[in-house]
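I opened this notebook to record what I looked up in one model.

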Amino acid sequence: MFGIPGKQAVTLTPAASKQIVKLMEAEGHQGLRIGVKKGGCAGMEYTMDYVTEIDPMDEIVEQDGARVMIAPMAQMFLFGTEIDYVVSLLEASFQFKNPNVTEACGCGESIKFDGM
């Protein structure tokens, strides 16, 4: 929808691809759907949901066996984003390196885009 021919909307690091494949295989999911919604102290939050049925309107990104679907309303906000999976002593989480974000909350879960 908002893509550039020959360029994926988002990219996955090897760690993110490995974790997504693991999640897909564990429950037989088709992949993960990522999106954005209103919320958080900066105005927007990322969402991630398991996908059992692919929506034909989703942008589909496949990399190293992992499949990510981007919800239609989120495509313009997520274009160019790199998704990583980081494990530390206290937590493990997906992290979004999004060039479209103009402001982020100190909690790291809330974001803001220009004009929002």
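The entries below go from the whole chain to single residues.

**Entry 1: conventions.** I worked from a predicted model, in which local features need pLDDT of at least 70 and side-chain atom pairs count only at pLDDT 80 or more, while totals for chains, interfaces and linings use all residues. Residues are numbered from 1 along each chain as its sequence is written, and side-chain values use heavy atoms, with hydrogens and water left out.

**Entry 2: the whole chain.** I counted two helices and nine strands in the protein chain; these are DSSP runs numbered from the N terminus, helices (H or I) having at least four residues and strands (E) at least two. Read from the N terminus, the order is β-α-β-β-β-β-α-β-β-β-β. I then looked up burial: 37% of the 116 residues are buried, where buried means under 20% relative accessible area, exposed over 50%, and partly exposed in between (1.4 Å probe, protein chains only). The accessible surface is about 7,000 Å², and carbon and sulfur atoms hold 53% of that area; the areas come from the Shrake-Rupley method with a 1.4 Å probe. Of the contacts (heavy atoms within 4.5 Å) with a separation of 6 or more, 53% are between residues 24 or more positions apart.

**Entry 3: the sheet with E6.** I found an open sheet of three strands in the order E1-E6-E7, with mixed pairing; two strands pair if DSSP finds at least two bridges between them. Strand E1 (10-12) and strand E7 (92-97) are at the edges with a single partner strand each, so one side of each has no neighbour in the sheet. On average, neighbouring strands here are turned by 25° against each other, direction ignored. E6 and E7 run antiparallel and are joined by six bridges; I noted Val87 opposite Ala92 in E7. Helix H1 (residues 14-27) lies across E1, E6 and E7 and runs at about 75° to E6. Axes are lines fitted to C-alpha atoms, for helices over the stretch in contact, and angles run from 0 to 180 degrees between N-to-C directions.

**Entry 4: the pairing of E2.** Strand E2 (residues 31-38) runs antiparallel to strand E3 (residues 44-51), with eight bridges, and Gly35 stands opposite Thr47 in E3. With strand E5 (residues 66-70), E2 pairs in the parallel sense over three bridges; there, Leu32 faces Val68.

**Entry 5: the nonpolar core.** Which residues of the largest nonpolar core touch the most other members? Of its 25 residues, they are Ile20, Ile34, Ile70, Leu78, Ile83 and Phe94. Such a core is a set of buried Ala, Val, Leu, Ile, Met, Phe, Trp, Tyr and Cys residues joined through side-chain atoms within 4.5 Å. H1 gives the most to this core, with five residues. Beyond four places in sequence, the contacts of Phe94 include Ile20, Leu32, Met48 and Ile83.

Entry 6: Is Asp84 buried or exposed? Asp84, in strand E6 (residues 81-87), counts as buried because its relative accessibility is 13%. Its side chain makes a polar contact of 2.7 Å with that of Thr13; the term denotes a pair of N or O atoms within 3.5 Å, where within protein one must be able to donate a hydrogen and the other to accept it, and residues adjacent in sequence count only if both atoms are side-chain atoms. Asp64, in the loop between strand E4 (59-63) and E5, counts as exposed at 60% relative accessibility. Asp64 is not a glycine, yet has a positive phi of about 50°.
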